[in-house]
Amino acid sequence: MVTIPFFVLNILLFLSSSAATPKSGADHDLVRSSCVHASYPSLCFRTLSSYSGPANTPRELAQAAVKVSLSRARKVSNYLSTSVTGYNKRERVALSDCVEQIDESMEELSKTLGELKHLRGETFEFQMSNARTWVSAALTNEDTCLDGFEGVDGKVKSNVKRKITNVAKVTSNALYMINRLNESRGRHR
């Protein structure tokens, strides 16, 4: 008989707990099959398979995708808000305008999340139209942020572009999940 030390058992128990493991096989399959045709499939799979909340249905996946986008937008807004020192006037103006655009994106994403949480059969189409419109507006705001850096060169522009592009990619994937949910007509609500 093999004796397993107590600390090894604790580690094994920890690793097998739901908090320490990724989604179950069925949830993992739903994420994989849902992300395969997203605009950024590997990013979609990576962000949603590591999402800690419920994502067992197309509706929950769409909500998770919007939450991921909202979280990333919030982090970028906070970063940009605190990084306005040490730049010339043109760069500060572009950063300030970008923060405004990202804050508007966060408002649009928050409205979208609220709509997805309260989908009803009789207003489903209207609610999905709202969600698509708001996420599309969030994407437009993110693009507008980058437009503000025309004529700005150097590190600040490339740094902002990298961060905003990442937010835009997860937002694009969120829009895909919303469209996918609309196609399924909310069957798994």
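A residue counts as buried when its relative accessible area is under 20%, as exposed when that value is over 50%, and as partly exposed in between. By this cut-off, both Cys35 and Cys44 are buried. The model described here is a predicted one.

**Disulfides**

The structure holds two disulfides. One of them joins Cys35 to Cys44, with an S to S distance of 2.1 Å. The link of Cys35 and Cys44 is left-handed, with -65° about the S-S bond.

The other pair is Cys98 and Cys145, whose sulfur atoms lie 1.7 Å apart. Cys98 sits in helix α5 and Cys145 in helix α6, 47 residues apart, and the pair thus links distant parts of the chain. The torsion about the S-S bond of Cys98 and Cys145 is about -70°, so this disulfide is left-handed. Cys98 and Cys145 are both buried. When the bonded cysteines are numbered in sequence order, the pairing reads 1-2, 3-4.

**Overall fold**

The chain contains seven helices and zero strands. Along the sequence this gives the pattern α-α-α-α-α-α-α. Of its 189 residues, 43% count as buried. The accessible surface of the chain comes to about 10,400 Å², and 55% of that surface belongs to carbon and sulfur atoms. Among contacts between residues at least 6 apart in sequence, 73% join residues at least 24 apart.

**Nonpolar core**

The largest nonpolar core has 50 residues, of which Leu48, Leu116, Phe149 and Val160 touch the most other members. At least two residues of this core come from each of α2 (25–35), α3 (41–49), α4 (58–82), α5 (89–117), α6 (124–147) and α7 (155–184). Helix α7 supplies the largest share, 11 residues.

Which residues does Val160 touch, leaving aside those up to four places away in sequence? They are Leu80, Leu95, Cys98, Cys145, Leu146 and Phe149. Two of these, Cys98 and Cys145, are the cysteines that form a disulfide.

**Salt bridges**

A search of the whole structure finds two salt bridges. Side chains of opposite charge can pair when their charged atoms come close. The two pairs are set out below.

| Lys111 | Glu108 | 3.4 Å |

Lys111 and Glu108 are three residues apart in helix α5, so about one helical turn separates them. Is Glu108 buried or exposed? Glu108 counts as buried because its relative accessibility is 16%, which is under the 20% cut-off.

Glu122 has a relative accessible area of 65%, so Glu122 is exposed.

**The loop between α6 and α7**

Gly151 is placed in the loop between α6 and α7. Gly151 is exposed because its relative accessible area is 69%, a value over the 50% cut-off. In sequence, Gly151 and Arg90 are 61 residues apart. In space, the C-alpha atoms of Gly151 and Arg90 are 8.9 Å apart.

Conventions
Residues are numbered from 1 along each chain as its sequence is written. This is a predicted model: local features need pLDDT of at least 70, side-chain atom pairs count only at pLDDT 80 or more; totals for chains, interfaces and linings use all residues. Side-chain values use heavy atoms; hydrogens and water are left out. A nonpolar core is a set of buried Ala, Val, Leu, Ile, Met, Phe, Trp, Tyr and Cys residues joined through side-chain atoms within 4.5 Å. Buried means under 20% relative accessible area, exposed over 50%, partly exposed in between (1.4 Å probe, protein chains only). Helices (H or I, at least four residues) and strands (E, at least two) are DSSP runs, numbered from the N terminus. Contact means heavy atoms within 4.5 Å. Accessible areas come from the Shrake-Rupley method with a 1.4 Å probe; for residues, only the protein chains shown count as cover. A disulfide is a pair of cysteine sulfur atoms within 2.5 Å. A salt bridge is a side-chain nitrogen of Lys or Arg within 4 Å of a carboxyl oxygen of Asp or Glu.
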